[in-house]
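Q: Please take a close look at the sheet in this structure and at the helices that accompany it. A connected account of the arrangement would be appreciated.

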Amino acid sequence: MRVLVAEDHERLARAVAKGLRRYGMTVDVALDGDDALARLAANRYDVIVLDRDLPGTHGDDICRILSAEGSESRVLMLTAASSVKARVEGLGLGADDYLPKPFDFTEMVARVQALGRRPGAPQLPGLAYRDLSLDSQKRIACRAGRRLALSPKELAVLECLLAAQGAPVSAEELLERVWDQVTDPFTTTVKATVNRLRAKLGDPPMIETVREAGYRIGGP
């Protein structure tokens, strides 16, 4: 799951992003509304954790823009106002859920995960190919009944490849879906992660390299 955290309090934004990454999510951070819109134009996000009172483009306006564009991204709106009226206003603008500050982090994680599972968002409860299986919600991968010791990035790459159902997934798409904004797009990090994943999946080999197209599991 890829998440955008749009929050102008940098310390809070970084803490939220760090915590979500521990749950296997890929997280980008925007500290104002203009940066958030720029990132939304460049990337696909499953969930947006959106502070309502952002500097630059206001959070309300971001919600309106997403709604007008028919965006499939789910919005969890954060605000210091906890009144019912404020919540109704936020939901009326197009937010999918609403969380007043201060909030409990575990509750926020649960809400983000729930939004990622809603109809219209990618739903990948279980993926499999031959004797390889992945439970996307529990973040557990097994082969031939044996649990695999995969890192969060390796699990995310495996999820992308299995979800493609045999179609090649390019290195660029893997970089977009699995890594966040701090990753240098010219590094060999995708290739290195795929190679480690190959080794951990064992024999017979599961991941095929498709020349000039990327990687796949279960091709024709």
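A: In this predicted model, helix α1, spanning residues 10-21, lies across β1 and β2 and runs at about 170° to β2. Both of these strands belong to an open sheet of five strands, whose order is β2-β1-β3-β4-β5 and whose pairing is parallel. The edges of the sheet are formed by β2 (26-30) and β5 (97-100), each of which pairs on one side only. From one strand to the next, the twist averages 20°.

Within the sheet, β1 (residues 2-6) is joined to β3 (residues 47-51) by four bridges, and the two strands run parallel. In this pairing, Ala-6 is the residue that stands opposite Leu-50 of β3. In general, the strands of a sheet pair through backbone hydrogen bonds, in either a parallel or an antiparallel manner.

Helix α2 (residues 33-42) packs with helix α3 (residues 59-69) at an angle of about 20°, and their axes are 10 Å apart. Angles under 35 degrees count as roughly parallel, and α2 and α3 are therefore roughly parallel to each other. The crossing in which α2 passes α3 is right-handed. On the α2 side, the residues that meet α3 are Gly-33, Ala-36, Leu-37 and Leu-40; on the α3 side, their counterparts are Ile-62, Ile-65 and Leu-66. Sorted by class, this contact of α2 with α3 comprises six nonpolar residues and one polar residue, with no charged residues.

Technical notes: Residues are numbered from 1 along each chain as its sequence is written. This is a predicted model: local features need pLDDT of at least 70, side-chain atom pairs count only at pLDDT 80 or more; totals for chains, interfaces and linings use all residues. Side-chain values use heavy atoms; hydrogens and water are left out. Axes are lines fitted to C-alpha atoms, for helices over the stretch in contact, and angles run from 0 to 180 degrees between N-to-C directions. Angles under 35 degrees count as roughly parallel, over 145 as roughly antiparallel, 65 to 115 as roughly perpendicular and the rest as oblique. A crossing is left-handed if the near helix is turned anticlockwise from the far one by less than a right angle, and right-handed if clockwise. Contact means heavy atoms within 4.5 Å. Ala, Val, Leu, Ile, Met, Phe, Trp, Tyr, Cys and Pro count as nonpolar, Asp, Glu, Lys and Arg as charged, and the others, Gly among them, as polar. Two strands pair if DSSP finds at least two bridges between them.
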